[in-house]
Amino acid sequence: MRYFLAIIGGGPAGYTAAEKASKAGKDVVLFEQNAVGGTCLNVGCIPTKSLLYGAKQYYNATHAQKYGVTAENVQFDFVAMQKRKTIVVRKLVAGIKQRLNNEHCTVVNGEAKPLPTSPQGEENRTIRILCNGVEYEADNLMICTGSTNFVPPIPGIKDNPAIWDSTDALAATELPKSIIIVGGGVIGMEFATLYHELGVPVTVIEALPTILPNLDQEVVSVLAEKYKKAGINILTETKVEEIDGGKVTANGVEYEAEKILVSVGRRANLSGLEALEGLETERGAIKIDEFCRTNLPNVYACGDVTGKIMLAHVASRQAEVAVTKLLNDQMAHDQKVNYLAIPSVVYTNPEIASVGVTESQAEEMSIPVEVRKLPMTFSGRFMAENEGETGLCKMIVDAKNHSVLGVHMIGNPCSEFIAAASFAVRMGYTTAEFQQVVFPHPTVSEILHEIL
């Protein structure tokens, strides 16, 4: 059987593309060597948030006195947290499988590799894929192979039982007695939150001058200050030089913990694509155009493997854009990913949510801006539910045309309404236009109206 579309990788990009194309009546084959759902669902976003929510419940119970509630002998069961995490993941994986269960979609479990194709530039060429010893043919190929944890070349990392990556940490059934986290990015700070709230001594080592370096630094400083006061040892401008068992030497000083979690980023997974001769890459990832097309005819790429923004919702959106183009939909010319309007969230406590350009990025781009700031306490709902917290909402506005360029917030639950700010950035709303949007009262989201 010849398929309209062959997809390698069953993560958010892959399963979104498979569902959209098959629902349009196109025959699709999706290859996944592990479990559908990819890194995000199986060993990333969802299991991490499940554990973080459990930790937050424990943290809230032990700090409930500020709300007039007294709880005695509060305990947590980490094994039970892990079991619940597993159940959540299994249910969501089953849901994805159900969505792909239609007459036009075939899911194949196994490692798939493209085979050499006809000469580059030839129209209507046949894509050939080998998986489990069987050869499949398709008109089009979509590469959704994701990314893998980057292992830095630090002496002592290899074959060290004290070393964890994020997958190891999520699989552990016991908490470490202490932990050093190498890397103060999103993954590192979310795990720092998890372990700290469950009573594990945490040290974060970051080589750059600040944690979460890609976010608005005024917002990040609020989190860093709180975490340092809470007892998390955050070391910035500190380079790890060597690791020996559970001992880490950084800037000439030795630190020790039972486990060392290395989370210094991820890299596009290009393994198995060697047969695609001439496939153009850029900074270690597949280069794509605005419709997620590669330089090879009939070959698309979506998700982390493109090296754009490594977030699940970006992967899903890229897949929607690519399939729309493949289907020759008349709306295809409007279906592009606006990477400047991609919301992101760091699930620390408090949460950080952000969309659009930061103040420093606007300066680098030579865009004159007006910066508006308000503490989150301008929202009555925030005051009612976040005792002792101040938070911050920061809006970056174009000084010339008054359009909203970016919004950056810290304070719970800003993750739940950052999409409203994302919509404003995506549509190019001016502050006057955004001010006409009515936010329900009382909600924390009203801060977006107050700041206008």
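The following legends describe close-up views of a predicted model.

Local features are reported at pLDDT of at least 70 and side-chain atom pairs only at pLDDT 80 or more, whereas totals for chains, interfaces and linings use all residues. Residues are numbered from 1 along each chain as its sequence is written, and side-chain values use heavy atoms, with hydrogens and water left out.

**View A. The second largest pocket has a volume of about 370 Å³.** A pocket is an open set of points on a 1 Å grid over the protein atoms alone, where a 1.4 Å probe fits, with protein on both sides within 12 Å along at least five of seven lines. Grid points are joined across faces, edges and corners, and the volume is the space filled by probe spheres set on the points. The lining comprises 16 residues, of which N60, Y67, E385, N386 and N412 are the closest to the centre of the pocket; a lining residue has an atom within 4 Å of a point. Helix α3 (residues 45-62) gives the most to this lining, with 3 residues. Helices (DSSP H or I, at least four residues) and strands (DSSP E, at least two) are numbered from the N terminus. By class, the lining holds 5 nonpolar, 5 polar and 6 charged residues, where Ala, Val, Leu, Ile, Met, Phe, Trp, Tyr, Cys and Pro count as nonpolar, Asp, Glu, Lys and Arg as charged, and the others, Gly among them, as polar.

**View B. A cis peptide bond runs from N412 to P413.** Omega is near -5°. P413 is placed in the loop between β24 (404-410) and α11 (418-427).

**View C. Helix α8 spans residues 312-326.** Among the buried residues of α8 are V314, A315, Q318, V321 and L326, buried meaning under 20% relative accessible area and exposed over 50% (1.4 Å probe, protein chains only). The cover over the buried residues of α8 includes β1 (2-8), α1 (12-23), β6 (134-143) and β19 (299-301). Just after α8, N328 adopts a positive phi of about 55°.

**View D. T348 lies in the loop between β20 (344-346) and β21 (352-356).** T348 counts as buried, at 2% relative accessibility. Its side chain reaches the backbone oxygen of P350 at 2.7 Å. Apart from neighbours within four places in sequence, T348 is in contact (heavy atoms within 4.5 Å) with M189, E190, T193, L223 and Y227. P350 belongs to the loop between β20 and β21, and a cis peptide bond with omega of about 15° joins N349 to P350.

**View E. V355 is found in strand β21.** V355 counts as buried, at 1% relative accessibility. Not counting residues up to four places away in sequence, V355 touches residues including L340, I342, L405, V407, I418 and V425. From V355 to S22 the separation is 333 residues in sequence and 32 Å in space, C-alpha to C-alpha.

**View F. L212 and E237 each have a positive phi although neither is a glycine.** L212, with phi of about 45°, lies in the loop between β10 (202-205) and α7 (217-230) and is buried, with a relative accessible area of 2%. E237, with phi of about 50°, lies in the loop between β11 (233-235) and β12 (240-244) and counts as exposed, at 54% relative accessibility.

Conventions: The expected span of a helix is 1.5 Å times one less than its number of residues. A polar contact is a pair of N or O atoms within 3.5 Å; within protein, one must be able to donate a hydrogen and the other to accept it, and residues adjacent in sequence count only if both atoms are side-chain atoms.
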